[in-house]
Every structure is written in C-alpha cells, then in structure tokens.
Amino acid sequence: MEIVEFESWHLEHLQLQEAQSYMISYFTPEYGTLLEKAGPSFTALHQGTPKAAAGIVMCHPHRALAWALLSAMGPRHFLPVHRAVQAFLDRQAIRRIEANVDVSFRQGHRWIRALGFELEAARMRAYSPEGHDYALYSRIKKEV
C-alpha cells in the first residue's frame, strides 16, 4: 500500500464500498478540488489504484471534520488503511476532530471508535442530503 497526497483525480478511480456508494453523484472535479483545498488529506493506493482517501476539513485552527472514502476491501488492505488513517489523525495539531457516521452503518461505528473517537450525539436527524440520520463523534487532544 502506497500513501500519497490526495489529488482530485483519485475520486474518478475510487470504487466506493456499498455503504458510501451514494457519494458517487458528488464526485465531480469541483468536489475533488474542494477536498484537496479543505485541509490535509491522503490517498492509499494499491498497485496504482485508489483503495481509500481520507482527510480533514478545517473549520478553524482548533476544530476539523474528518472524512474518509473507502472501497470495498478485505482485511489485507483495510489494516494498512486503518494504520494510515490513525497515523494521519495522530499527526494533526488540532484540539477537536469530528466525524459523522450513518446511524445504520455498524462497521463505520466500530471503525470510528477504533480510531479513538467518542460518541457525542447518537442521532442527528435528516443530516445527509438524502435525509439519512447520522451520529456525531469527536476525538479530543488534551494537548496540542
């Protein structure tokens, strides 16, 4: 697995997992450029093909919103992606990083907790553009 800086064209080649497949309609060049400029981000490549992309959107110097787009992958690829995301989050000099997870996506809840996030709001009603309910998680650094 090769970790590289995220570039907008990576979205064109990322085959999203089923739980995130609704996002494909947002994968425009403009959306990719917005992600590139919103804050630090990276892509995990396997043999030149994006398996995952992740990053943060800066809200202000002490708060950011984490995002991750993952392809369907087995443990062989997921473990290196998990480690890359964990290391990426650990390097950020930001007090509060938030993440949102669809309330019905059990694997997403398990993963976000494994990354050190804690549940703050169990249900934010009609949060997504499609009207899905999401949960709010946060990861707080005591010292920045």
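E120 is partly exposed, with a relative accessible area of 43%. In this predicted model, E120 forms a salt bridge with R96, and the closest N and O atoms are 2.6 Å apart. E120 belongs to strand β6 and R96 to strand β5 (residues 96-102), so the pair ties together parts that are 24 residues apart in sequence. Salt bridges that share partners join E120, R96, E98 and R63 into one network.

**Salt bridges**

- The count of salt bridges comes to six.
- Within the network that joins R63, R96, E98 and E120, R96 also pairs with E98, with 2.7 Å between the closest N and O atoms.
- Both E98 and R96 are buried, whereas E120 is partly exposed.
- A further salt bridge is formed by R139 and D90, where the closest N and O atoms are 2.4 Å apart.
- R139 lies in strand β7 and D90 in helix α2, so this pair ties together parts that are 49 residues apart in sequence.
- R139 has a relative accessibility of 12% and counts as buried, because the cut-off for buried is under 20%.
- D90, at 43% relative accessibility, counts as partly exposed.

**Surroundings of Q86**

- Q86 is located in helix α2, which covers residues 75-91.
- Leaving aside residues up to four places away in sequence, Q86 touches A114, L115 and R139.
- R139, one of these contacts of Q86, is also the salt-bridge partner of D90.
- Q86 and H62 are 24 residues apart in sequence, and their C-alpha atoms are 18 Å apart in space.

**Aromatic pairs**

- The count of aromatic pairs comes to five.
- One of them is formed by F6 and W67, whose ring centres are 5.5 Å apart and whose planes stand at 75 degrees, so the pair is edge-to-face.
- This pair links distant parts of the chain, 61 residues apart: F6 is in the loop between β1 (2-5) and α1 (29-38), and W67 is in strand β4 (residues 63-70).
- F6 counts as buried at 2% relative accessibility, and W67 is buried with a relative accessible area of 13%.
- F27 and Y31 also form an aromatic pair, with 6.4 Å centre to centre and 15 degrees between the planes.
- The F27 and Y31 pair is stacked, because planes under 30 degrees apart count as stacked.
- F27 is buried, with a relative accessible area of 17%, while Y31 is partly exposed, with a relative accessible area of 24%.

**Positive phi at residues other than glycine**

- Q47 has a positive phi of about 50 degrees although it is not a glycine.
- The position of Q47 is in the loop between β2 (41-46) and β3 (49-60).
- Q47 counts as exposed, at 73% relative accessibility.
- A126, which is not a glycine either, likewise has a positive phi of about 50 degrees.
- A126 is found in the loop between β6 (118-124) and β7 (134-140).
- With a relative accessible area of 51%, A126 is exposed, because the cut-off for exposed is over 50%.

Notes:
Residues are numbered from 1 along each chain as its sequence is written. This is a predicted model: local features need pLDDT of at least 70, side-chain atom pairs count only at pLDDT 80 or more; totals for chains, interfaces and linings use all residues. Side-chain values use heavy atoms; hydrogens and water are left out. Helices (H or I, at least four residues) and strands (E, at least two) are DSSP runs, numbered from the N terminus. Buried means under 20% relative accessible area, exposed over 50%, partly exposed in between (1.4 Å probe, protein chains only). Contact means heavy atoms within 4.5 Å. A salt bridge is a side-chain nitrogen of Lys or Arg within 4 Å of a carboxyl oxygen of Asp or Glu. Rings of Phe, Tyr and Trp (its six-membered ring) pair if their centres lie within 6.5 Å; planes under 30 degrees apart count as stacked, over 60 as edge-to-face and the rest as tilted.
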